[in-house]
Amino acid sequence: MSRAALWVCRWGASVVLATWLSACSTPPPTPQKEVALPQWSGRMALQITAPGPDASAQSFSASFYLQGSPAQGRLEVFNPLGTQVAALSWGQGWAQLQQGEQLRRSAALSDLVRISLGAEIPIDALFAWLQGRPLQVSGWQVNLSQYAQGRISAQRWDPPPQAQLKIILQP
């Protein structure tokens, strides 16, 4: 076989091999669109009334930014001057609360909400209420009659302590 014929055979084999290898390679991944998580912002107030004859009350009022769902999200809480006072983030099987230099972690979001606020808040129901859906929860009564104006209120009667939650959403 002549040198020219040998060169043509090698060149042909290289082209076939390159074509075959390129056919076997995986195409580059197509960029996935980021799923836009629902988000809300506004003001919230929570009043907790301790049971008993003295019936003392604790109040909490702040502005907030909330993004996500009961399964994954982030809540940022701000004082009246706009300074962040707390950041709560959560995902599947974990939650963490950052308050200043203090960081608390838990396997359940509801634990950190109860610790930080002093009362249970029904997380699944809260997200439903924020979407204007009147999800019923034992011991709680929600009022969405002013939802079109961005106002939500909910009261917990049982179990103690009693709690009243008011939310004003920003448009």
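Predicted model: local features only at pLDDT ≥ 70, side-chain atom pairs only at ≥ 80, totals over all residues.
**A pocket, a hairpin and a few salt bridges**

Hello everyone, let's start in a loop: P159 sits between β8 (151–156) and β9. Residues are numbered from 1 along each chain as its sequence is written, and side-chain values use heavy atoms, with hydrogens and water left out.

The bond joining D158 and P159 is a cis peptide, with omega about 0 degrees. As a reminder, most peptide bonds are trans.

Now the strands on either side. β8 and β9 form a hairpin with 5 residues between them. They run antiparallel and are joined by 6 bridges; strands pair if DSSP finds at least two bridges between them. R156 has A163 in β9 as its bridge partner. β7 (residues 140–143) also runs antiparallel to β8, with 4 bridges, and there Q141 stands opposite Q155.

Buried means under 20% relative accessible area, exposed over 50%, and partly exposed in between, with a 1.4 Å probe and protein chains only.

Buried or exposed? Q170 is exposed, because its relative accessibility is 54%. Q170 touches S41 and G42, leaving out residues up to four places away in sequence; contact means heavy atoms within 4.5 Å. Q170 and G42 are 128 residues apart in sequence, yet their C-alpha atoms are 4.8 Å apart.

On to the largest pocket, which holds about 510 Å³ of space. On a 1 Å grid over the protein atoms alone, with a 1.4 Å probe, a pocket is an open set of points with protein on both sides within 12 Å along at least five of seven lines, and lining residues have an atom within 4 Å of a point. The lining counts 28 residues, with M44, F60, L75, V77 and L117 nearest the centre. Among the elements giving at least two lining residues each are β1 (39–49), β2 (57–68), α2 (109–117) and β9 (162–169). By class, the lining has 24 nonpolar, 4 polar and no charged residues.

Finally, salt bridges: a side-chain nitrogen of Lys or Arg within 4 Å of a carboxyl oxygen of Asp or Glu. The count comes to 3. R74 and E76 meet at 2.9 Å, N to O; R74 is partly exposed at 32%, while E76 is buried at 17%. D111 and R114 meet at 3.1 Å, and they are about one helical turn apart because 3 residues separate them in α2. E120 also pairs with R114, at 2.9 Å. These salt bridges share partners, joining D111, R114 and E120 into one network.

Notes. Points joined across faces, edges and corners; volume = space filled by probe spheres on them. Nonpolar A, V, L, I, M, F, W, Y, C, P; charged D, E, K, R; others polar.
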